[in-house]
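Load the model and keep the sequence beside it. The text below walks through it piece by piece.

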Amino acid sequence: MALNTLAENAERLSQRIQETLQEKTRDFTKTAAASYLDATDLDRPGELSKLLNSASDREKLEGLKRVIAMISKNRNASAHFAQVVKNVASPNLEIRKLVYIYLLRYASSEPDLALLSINTFQKDLRDPNPLIRAMALRVLSGIPVSAIGSIVALGIKNSAVDSSPYVRKAAALAIPKLYQLDTTHLPALMQTISVLLRDRSPLAIGCVAVAFNGVCPDRLELLHQHYRRLCKMLVDADEWGQIHLLDLLVRYARKMLRRPSDGKSQTDEVSQDDEEDGDAQLDPDLDLLLQNARPLLCSRNPAVIMAVARTFYYVGPATEHHHIIEPLLRQLRVSEEVERVLLEDLCLIAARSPDLLRSYASRFYIRARDISPVKRTKIRILVSLLAPDNGHTLLREFKDYVVDTDDTLVGDAVWAIGRCAQIVPETTDSCLAALTMLIRSSNDAAVAGAVIALKLLHQLQSTGSHPSSSKSLNVVSALAFHFDGIQNPRARACILWMVVQEMPAGLIRVEPWAPDILRKAVKSFKDPASDVKLQTLTLAAKLFVVASADKTIQLLARYVFSLARYDSDYDVRDKGRFLTSLLRGVAGGVYKQEGDEDKEEAQEGVVLRAAQVEHVLFTGRVMPQGEETWFTRFDTLGTASLITDQALPGEELRKLPEWPDEGTDSSLRDTEDELPAAPFYAGPLPVRMPGIGNQALGSRRGTPSNAMTPVVLTPGGGSSPAGSAPKPGIAKPQFMDLDDFFKSEDEEDDDEDDEDDEDEVEDDGETRGNDDRHIDSQRRQAAPTVAFALPTTSRSAPPASRPSETQSDDPSSPWNEGSKSDGEDSSEDESEEEEDAFLRRG
């Protein structure tokens, strides 16, 4: 007994060891397969070629895996093209898959060698495996040889009606490739796209949208019959298919549907007539798009959420725009790359609709780990959200950014402080104090930004578009005092401009710091910055007019104009000549003590009086050039141009068409599937039977014998169920409860014989000569003729047989009597019974 137990335990132990070894071996196999991506000697001399040329499928598979690993590591594997292509017809499915993957990468670079296998590709288009069929079409469409365009077009046409949605997806993706290769196949491709638009597979419909945008993006009228179905398929399509479908449906809505009555496509101005339009009803088809797109705001793909946001922003009413804000803000935490892209779109939304984001201003505060472009974008968003209720809060935030170590952020923060003073007048004094303190900063970026911001504020005050401040002159004097310590050329030009602006016409005396700043500017006139030189010339000319008797100012002016005459910049030379000629009428001109050459020059042209010169120099205030533009010139959500600030190829399709004056008729988008189905109790149209009565009967001509009007039965005394009552114009069922139905069975059985006889008389009247039917035959011949089909037959009655000679010679024959009688012997009671019996049968 103990020996048996020991043997069983040993057997169990051996089984466990064997299972463990199998698991470990499987792990080692997986590790070896994954090691291809980490190996550095994939293409050892002669070894890879030997594996690819081997007769063993296992060695071929090993070699192909190494080749695919080389491709994944971006290493050139085109040298093995011929050795790989010859395995395209291998019966091993794994080998063929890897060969097709290789061909997808190198078919475009080696089209001549790929053409050698074109017969195999055509054969694989009929392979039972849908994966092989799809990959064969992908490779075939990827060969850039126009001579095989007809073969590719035929393959696309056949694959478009394939039973596998994966193959139909490959056919849709092959259409743009063939169109780029040869545009002469456009009619055939349009027909194929029309077939694919009827596809009901969510896997393929997104690629159909790609094909439509690549071949015929302007033929939006082809979508009429498919628009509603495409809207309903949005939720079921794959993520990237949803993006392309939304882009296509948005362009269709902008061109074919009515604009939302409340306003608001953000790219268009709404007229007063539209605002006063009493029809506030949203277009049902547009509402269908918005309702089916809304669940996609919960997608895990940020690109899908951006596409939905674009849909709501450009085709939805303004009351629906708030739905997109929370999903967009939620995606800011996904990754730094996503945050970088979405912030540009949010910046555009903040510039156009700041009320949507104003309550989320704290979400855009700058963090220390943010990259420089993200910091700049957040500053722009915060500036766009400035308002009287949050002006002081955001001003404190901007002051904190000034002490950052990033000079770019410091300059942007100083600019934001200046914008805060412009947008929120209540913060002007605080902004001026902060900017004046920054002039004394050791950070050149902060000083330059402060000077530029002060120049903008000074200009607004001088033009009257902003409340004036008593500290304006003190600010200019402080800037002039620190002129030597400011090295930024643009900041120095701004200081000189502000000094010039503080010298209005009719000035009696010159501020003591004005000649001194001219001396400092003349001393550094050799610097290459043209803006500083131009402002220095303007300052010298104004000081020469205001203080023409001052010997020092005359010498400084003469010196600076002499330097300008020989400057390398032609703008500086031209302005120097212009001002020299203009000042000839003021104190004898700038060069009144020069030699004969200057005197001869002074005698040329028209000489203006001092009052005229003063009017030219001191009248009007012109904005200096070079103001920084903070918002991109591209204004379409969801485009890369917002980030690059330049037009990119292929983005012209992202431009949305203008809203039509009137949308297209909604009946164009109706399909047979959407038509309401007829109710089950609905019968044919009623007809009036002349000569029988006013009762309306349903025509049964051409209907099967078993096609009877259904009878709806309810318990005795009860009412009919909802929806079972017949409509007006439809014959009402005779029996409404079970009791009446069973009571009528006996009566119907008694009438069956009479009904059969009547049918036989109508069909074969010549063969019926019974005395019981003699009166009935006379009455039918005397009554007006009525053509109808009995419910018991599905075809017209056969022609009556010709009466025999004995019947026709017999004066008592019913055929002869029928022609003589006018219905004199017919009885009214029998006629009423006949009508009642016929009505029960109907």
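This is a predicted model: local features need pLDDT of at least 70, side-chain atom pairs count only at pLDDT 80 or more; totals for chains, interfaces and linings use all residues.

Residues are numbered from 1 along each chain as its sequence is written, and side-chain values use heavy atoms, leaving out hydrogens and water.

Start with the overall picture. The protein chain has 39 helices and two strands. Both are DSSP runs numbered from the N terminus: helices are H or I with at least four residues, strands are E with at least two. Of the 842 residues, 43% count as buried. Buried means under 20% relative accessible area, exposed means over 50%, and partly exposed lies in between, with a 1.4 Å probe and protein chains only. Contact means heavy atoms within 4.5 Å. Among contacts between residues at least 6 apart in sequence, 67% join residues at least 24 apart.

Now take helix H3, residues 57–72. Its 16 residues should span 22 Å at 1.5 Å a residue, and the end C-alpha atoms are 22 Å apart, so the two agree. The expected span is 1.5 Å times one less than the number of residues. Which residues of H3 are buried? They are Lys-60, Gly-63, Leu-64, Arg-66, Val-67, Ala-69 and Met-70. An α-helix has 3.6 residues a turn, so residues three or four places apart point the same way. The buried residues of H3 pack against helix H2 (47–52), helix H4 (81–85) and helix H5 (93–106).

Asn-74 sits in the loop between H3 and H4. Its phi is near 60°, a positive value in a residue other than glycine. Asn-74 counts as exposed, because its relative accessibility is 68%.

Next come the helix pairs. Axes are lines fitted to C-alpha atoms, for helices over the stretch in contact, and angles run from 0 to 180 degrees between N-to-C directions. Angles under 35 degrees count as roughly parallel, over 145 as roughly antiparallel, 65 to 115 as roughly perpendicular, and the rest as oblique. A crossing is left-handed if the near helix is turned anticlockwise from the far one by less than a right angle, and right-handed if clockwise. For the contact residues, Ala, Val, Leu, Ile, Met, Phe, Trp, Tyr, Cys and Pro count as nonpolar, Asp, Glu, Lys and Arg as charged, and the others, Gly among them, as polar.

Begin with helix H19 (residues 336–352) and helix H21 (residues 372–384). The axes of H19 and H21 come within 9 Å and cross at roughly 20°. That makes H19 roughly parallel to H21. The crossing of these two is left-handed. On the H19 side, the contact includes Glu-339, Arg-340 and Leu-343; on the H21 side, Pro-373, Val-374 and Thr-377 are among the partners. The contact divides into eight nonpolar, two polar and five charged residues.

H21 also meets H22. Their axes come within 11 Å and cross at roughly 155°. H21 and H22 are therefore roughly antiparallel to each other. The crossing is left-handed. Ile-379, Leu-382 and Val-383 in H21 meet Leu-394, Phe-398 and Tyr-401 in H22. The contact comprises six nonpolar residues, no polar and no charged.

Move on to H22 (391–401) and H23 (407–423). They pack at about 155°, with axes 8 Å apart. That makes H22 roughly antiparallel to H23. Their crossing is left-handed. Gly-391, Leu-395, Phe-398, Lys-399 and Tyr-401 of H22 face a set in H23 that includes Leu-409, Val-410 and Ala-413. The tally is nine nonpolar, one polar and one charged.

Thr-405 lies in the loop between H22 and H23. Thr-405 is exposed, because its relative accessible area is 77%. Its C-alpha atom is 9.7 Å from that of Asn-443, 38 residues apart along the chain.

Lys-526 is in the loop between helix H28 (513–523) and helix H29 (530–546). Lys-526 is exposed at 72% relative accessible area. The C-alpha atoms of Lys-526 and Ala-564 are separated by 9.8 Å, and the two residues are 38 apart along the chain.

Finish at Thr-636, in the loop between helix H33 (610–618) and helix H34 (641–644). Is Thr-636 buried or exposed? Thr-636 counts as buried, because its relative accessibility is 18%. Not counting residues up to four places away in sequence, Thr-636 touches Arg-310, Tyr-314, Leu-348, Leu-642 and Arg-654.
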